Amino acid sequence: MADTLRRLTNTSSFSVLQDKLESWHKDYHVISCDQNLNRCCELIELTAKIQSQLFAILNFTAAEGGHYAGVDTLKTRLLPWLGNCFSMARPSVTDDTSLQLIQDSVEKERRIRELSVSHESDMQKMETQLCSTRVQLDSVRAELIDAQKELDDTKSKSATTLLATEDEILQLRADLRSAREEVEIYKRKLDALDDYERQIRLLREEVSYLSTEKAMLQERLVRSRSPSPLPRLSRSSSPVRSESPTRAQLTNSSRHARLVSRFSDLYAVERLEAQTLLRRYIDDLEMVQKIIFIAVVESFKTAKLAYRQFKLRVRKTLSSSHFGPESLEDAAVDYIVRNLDLYDVQTSVNDVINAMNVNPRISFPPEVDFALISPLIRETCRVAFAMQTVEPPLDVGFASDGELYNESKYRRSYDSEFTAPLVMYHVWPALMEGTAVTVKGEAVTRRGAVWGRSQSRSRSVSPVRSRSLSPSRSLAFNSKRSLSPQRLTASLL
């Protein structure tokens, strides 16, 4: 219907009809009779077309209204108008025709009344259903209110239970905090106990050394008081030098065993901690293991150099005031053993990090620094420095990528190819005592490892490297931390 009405509006049919009427009125007296009749027939045809479209709109509108809508309008306006039109258009209608029309109208009115009665009965039924539905809705609302009350009661009970549970959680947290504090106290006590045991062990070593020295002095005293001329002759002919051992010589075996055990602990504990820390920034396990291996090797090199420099300073200081049965070399080593805490380990750590920064075999993300593994480097430098005081000194063995695998020097890692003859890279160095292997190292063997294999990775320059000590700061720091000859005076000895 809307489409038909829109087309009727767009065509402007009534405007066209009005224009034709005005044109015909102007030319009525000018044109001939045939032309006037043609104009009249044209207007009648146009009027018929417009009425046809209007009746089509009327039909669609009545169909959209249903069975009951628009009935009164049709009865009061359309039907009387149609009767008047037909009566005026056809005055020669017979009485029978009029009677037939009246009967049709009565029949239609009867049908309309029946439809109205059925509509009213349907409305009453719908109202009855609506009332029953309202009653059901009221009952459902009452049930909903009861359920809401039960839910509120459950919420209040749950809140009470939750408060009790929170109190229990707070109590448990307080108990856990107190337990942790007790654990910390016990740890401090245990650390103090370890310190006491270490001091007791050192005192025992001191007592053993003093007892041995006392025995040697008593033996010398007895020999000096002996009346036999033979010992005097031998004493005068021999140099004034005693064979009494120093503290370093007396504790050499115990220090050797302790340092070997500490080296094994570095592999089992500190190495794994450093590896776990590096894996947060580097996904390549091979590069992580290479970084740790090079850090250990560089730590030993730096510690050995620091030991030689420290020993030279001690010898220079002791040379002017040294006297006693032991040699100057033994006295210097004995002093170093007694004062290992004077070793400036932080300077060695900085030197190791600087050496790793320029090593082309390893790379590191630019947002972090090699100082991340400084705990491992510090402990390794301390162990390596102390290993130079034993006789013979301990050192890590020489290692190079692509070397022939040595069963007596290394053990293969779990991800190695056990039939490969060449070492692809090293995980941990071997500890050597001269040419003998004291502790085996760990290496990765795989096929395809080439002797002198070049590394494809290049060292990336990071702006964070500036966090390490600059040359001027490093020199100032080393001058503050290094032992000057004035510190190593005879009064300290």
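These legends walk through several close-up views of a predicted model. Because the model is predicted, local features need pLDDT of at least 70 and side-chain atom pairs count only at pLDDT 80 or more, while totals for chains, interfaces and linings use all residues. Residues are numbered from 1 along each chain as its sequence is written, and side-chain values use heavy atoms, with hydrogens and water left out.

Figure 1. Helices (H or I, at least four residues) and strands (E, at least two) are DSSP runs, numbered from the N terminus. Of the 493 residues, 28% count as buried; buried means under 20% relative accessible area, exposed means over 50%, and partly exposed lies in between, with a 1.4 Å probe and protein chains only. Contact means heavy atoms within 4.5 Å. Among contacts in the protein with a separation of 6 or more, 73% come from residues 24 or more positions apart.

**Figure 2. Helix α9 against helix α10.** Helix α9 covers residues 285-318 and helix α10 covers residues 328-338. Their axes come within 9 Å and cross at roughly 120 degrees, which makes α9 oblique to α10. Axes here are lines fitted to C-alpha atoms, for helices over the stretch in contact, and angles run from 0 to 180 degrees between N-to-C directions. On the angle scale, under 35 degrees counts as roughly parallel, over 145 as roughly antiparallel, 65 to 115 as roughly perpendicular and the rest as oblique. The crossing of α9 past α10 is right-handed; a crossing is right-handed if the near helix is turned clockwise from the far one by less than a right angle, and left-handed if anticlockwise. To find the contact, look for Y307, F310, K311, V314, R315 and L318 on α9, and for L328, E329, A331, A332, V333, Y335 and I336 on α10. By class, this contact has 10 nonpolar, no polar and 3 charged residues. Ala, Val, Leu, Ile, Met, Phe, Trp, Tyr, Cys and Pro count as nonpolar, Asp, Glu, Lys and Arg as charged, and the others, Gly among them, as polar.

**Figure 3. Helix α9 against helix α11.** Helix α11 takes in residues 345-357 and packs with α9 at an angle of about 130 degrees, the axes being 9 Å apart. That makes α9 oblique to α11, and the crossing is right-handed. On the α9 side you will find I291, I294, A295, E298, S299, T302 and A306, which meet S348, D351, V352, A355 and M356 of α11. Sorted by class, the contact has 7 nonpolar, 3 polar and 2 charged residues.

**Figure 4. An open sheet of 3 strands, in the order β2-β6-β3.** The pairing in this sheet is mixed; two strands pair if DSSP finds at least two bridges between them. Strands β2 (410-412) and β3 (423-428) are the edges, each pairing on one side only. Neighbouring strands are turned by 40 degrees against each other on average, direction ignored. Strands β2 and β6 (residues 441-445) run parallel and are joined by 3 bridges, and Y410 has G441 of β6 as its bridge partner. Strands β3 and β6 run antiparallel, with 4 bridges between them, and Y425 stands opposite V444 in β6.

**Figure 5. Helices lying across the sheet.** Helix α8 (residues 252-278) lies across β2, β3 and β6, running at about 95 degrees to β3. Helix α9 lies across β3 and β6, at about 60 degrees to β3. Since 6 of the 6 residues of β3 are buried, β3 is largely enclosed by the rest of the structure.

**Figure 6. The hairpin of β4 and β5.** Strand β4 (residues 431-433) pairs with strand β5 (residues 436-439) in the antiparallel sense over 3 bridges. The bridge partner of E433 is A436 in β5. There are 2 residues between the strands, and G434 takes a positive phi near 75 degrees.

Figure 7. Leaving out residues up to four places away in sequence, Q275 touches L285, V288, Q289 and I292. R338 and L202 are 136 residues apart in sequence, yet 10.0 Å apart in space, C-alpha to C-alpha.
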